[in-house]
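Trainee: I am new to this structure. Please show me how to read its features, one at a time.
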Amino acid sequence: MPVKVIMTAEDIRRTLARIAHEIIEHNKSLSGLILVGMLTRGVPLAKRLAANIKTFEGTDIPVGILDISLYRDDLDSREFKPLLNSTLIPGDISQKTIILVDDVLYTGRSTRAALDALIDFGRPHAIQLAVLVDRGHRELPIRADYIGKNIPSAHSEEIKVELTETDTIDQVAIYPAQEEGQ
Amino acid sequence: MTTWHEDGSTLVLPPKAAVTASAWRHHHILDLDDFTADEIELVLHIADSMKEVLARPVKKVPALRGRTVMTLFYENSTRTRLSFELAAKSLSADVSNLTASASSITKGESLIDTLLTLESLGADVVIMRHPQSGAPNLAAQHIKGSVINAGDGWHAHPSQALLDMYTMKAHKGAVKGLKVTIIGDTKHSRVSRSNIWGLTIMGAEVTVCSPPTLLPVGLREPGDNFPRVRIEPDINKAIAGADVVMVLRLQLERMQTGLLPSMREYIQIYQVNEERLKLAKPDALVMHPGPMNEGLEISSGVAHGSQSVVNEQVTNGVAVRMALLYLLAGGKKA
């Protein structure tokens, strides 16, 4: 059971609406944008942001899927190898502005892997990072351009984003420390 | 595979795989007889992701950076060696190739000494082909790294069987329940042996059609040495209703050693040609592990016809071998 619910379904909805507005404000032209969701929960978040931008501005933003498993720097130290899934990047990303979407920004290592993976697909004009939760504890010089909520946390706690597309409810909660991460 | 739609509205999450990576428990890949259906399914699932990597502008991912893969071939090979080499390079492993004819093996160095040399040079994975059945099993007992059998004598060629099943699954959705007919020299064919194991483990119905002299003795008595298959000497009956027709290469020396009376007779009785292929299901796949003797075991029309997936088998081979290398060397170092 979660120790504490930090964001409810309504909080998540409003936050994603705000981030969509920030993306619109920050990028003068929406035509060169691509939203890329990092598996697993970045993908539904990217889709929801695309739907919001469509509602607010009437523009369709393509959405891609990124699996970073093959780019991880901790493959050697994991007991089990991650099960791979397919990456799907819509078209040529050269000269496009990519908005990378993830659920939680923590050490920054997943983002580093995602940047490496994206650059193998071409030379984008820019890459921006949108996260629903920033929990601190960065180990690499990486920061997000769009942040849903800053949640100062202890290393031992687990912050879990749950979304209806992948779980049963929309919710962000802190769970007590577990033996092994999810 | 996930499909892409321009507006993003119909973009769906990749389906959850029926298996998890924890199903994997192999350190070597010697044959498929000790594989479970889950393990084979896992290889096919990961191969799907690898196929996506091979379709990218930069066909390289860093998963095996710093790992050393060595190929040790005591027999000639075009596609298997190239395919393994490309697979290892696409995963950023360092690859070295050793061909027996151009090495100290010609000076009399033994197999085990050669393997220990490769180990001392830092091989994490040794990919090995040898004319003697069981040589990779011996190798696996002497080195700490992983051994992948790339074909040993008449015994096994597991990566070929896996890429064959991957190709079947890509076209038919699943391997389970498929009617697969294997035609030709099953006795001397390591490809057919590994396929018979893999296909029966996955729940396909296997029919074997071979001249009596080219049929493995053990196949008539299923048990520990072979799983249960249907033996049908009449090629027309064997092909009838098949989903997959797998043709094996006929080695010409079989004629010289008296196992077959004449090439012309073999063509007449066992060649897969257009007329015979009509007996299979209309959407049946034609497969051949290569190299083909066109006009002998397979007619040119069938070999290059619309039902042939021979070239696709070669392409899929790289993805499947990437999956094997990833599973053996991609995780924690032993």
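Mentor: Start with one residue and its contacts, where contact means heavy atoms within 4.5 Å. Setting aside neighbours within four places in sequence, F226(B) is in contact with R193(B), I196(B), W197(B), P216(B), G218(B) and L219(B). This is a predicted model: local features need pLDDT of at least 70, side-chain atom pairs count only at pLDDT 80 or more, and totals for chains, interfaces and linings use all residues. Residues are numbered from 1 along each chain as its sequence is written, chains are lettered from A and ligands numbered from 1 in the order in which they are written, and side-chain values use heavy atoms, with hydrogens and water left out.

Trainee: Where does F226(B) lie? Is F226(B) buried or exposed?
Mentor: Helices (H or I, at least four residues) and strands (E, at least two) are DSSP runs, numbered from the N terminus. F226(B) sits in the loop between β6 (205-209) and β7 (230-231) of chain B. F226(B) has 5%, so F226(B) is buried. Its C-alpha atom is 8.1 Å from that of I196(B), 30 residues away along the chain.

Trainee: Which domains does chain B have?
Mentor: Domain bounds come from an automatic or database domain assignment. For chain B, the assignment gives domain 1 (22-157 + 315-329) and domain 2 (158-310). Their C-alpha centres lie 25 Å apart. Across the boundary, 33 residues of domain 1 of chain B are in contact with 24 residues of domain 2 of chain B.

Trainee: Now sheets. What is the strand order in the sheet of 5 strands in chain A?
Mentor: Two strands pair if DSSP finds at least two bridges between them. The open sheet of 5 strands in chain A has the order β3-β2-β4-β5-β6, with parallel pairing. β3 and β6 (146-150) of chain A are at the edges with a single partner strand each, so one side of each has no neighbour in the sheet. For angles, axes are lines fitted to C-alpha atoms, for helices over the stretch in contact, and angles run from 0 to 180 degrees between N-to-C directions. Neighbouring strands of this sheet are turned by 25° against each other on average, direction ignored.

Trainee: How many bridges join β4 and β5 of chain A?
Mentor: Strand β4 (residues 97-105) and strand β5 (residues 126-134) of chain A pair in the parallel sense over 8 bridges. I98(A) stands opposite I127(A) in β5(A). Helix α1(A) packs on the sheet and touches β2, β4, β5 and β6 of chain A, its direction making about 150° with that of β6(A). Helix α3 (residues 109-119) of chain A also packs on the sheet. α3 touches β2, β3, β4 and β5 of chain A, and its direction makes about 155° with that of β4(A).

Trainee: How do side chains point along a strand?
Mentor: In a regular strand the side chains alternate between the two faces of the sheet. Take strand β3 (residues 63-66) of chain A: V63(A) and I65(A) point one way, G64(A) and L66(A) the other way, and all are buried. Strand β2 (residues 33-38) of chain A pairs with β3(A) in the parallel sense over 4 bridges. V36(A) stands opposite G64(A) in β3(A). From β2(A), the chain crosses through α2(A) to β3(A) in a right-handed β-α-β crossover. Right-handed has a set meaning: with the strands pointing away from the viewer, the path from the first strand over the helix to the second runs clockwise.

Trainee: Which strands form the open sheet of 3 strands?
Mentor: The order is β1-β8-β7 (chain A), with antiparallel pairing. The edge strands are β1 (4-7) and β7 of chain A, each pairing on one side only. β1(A) and β8(A) are joined by 3 bridges. V5(A) has A173(A) in β8(A) as its bridge partner.

Terms used:
Buried means under 20% relative accessible area, exposed over 50%, partly exposed in between (1.4 Å probe, protein chains only).
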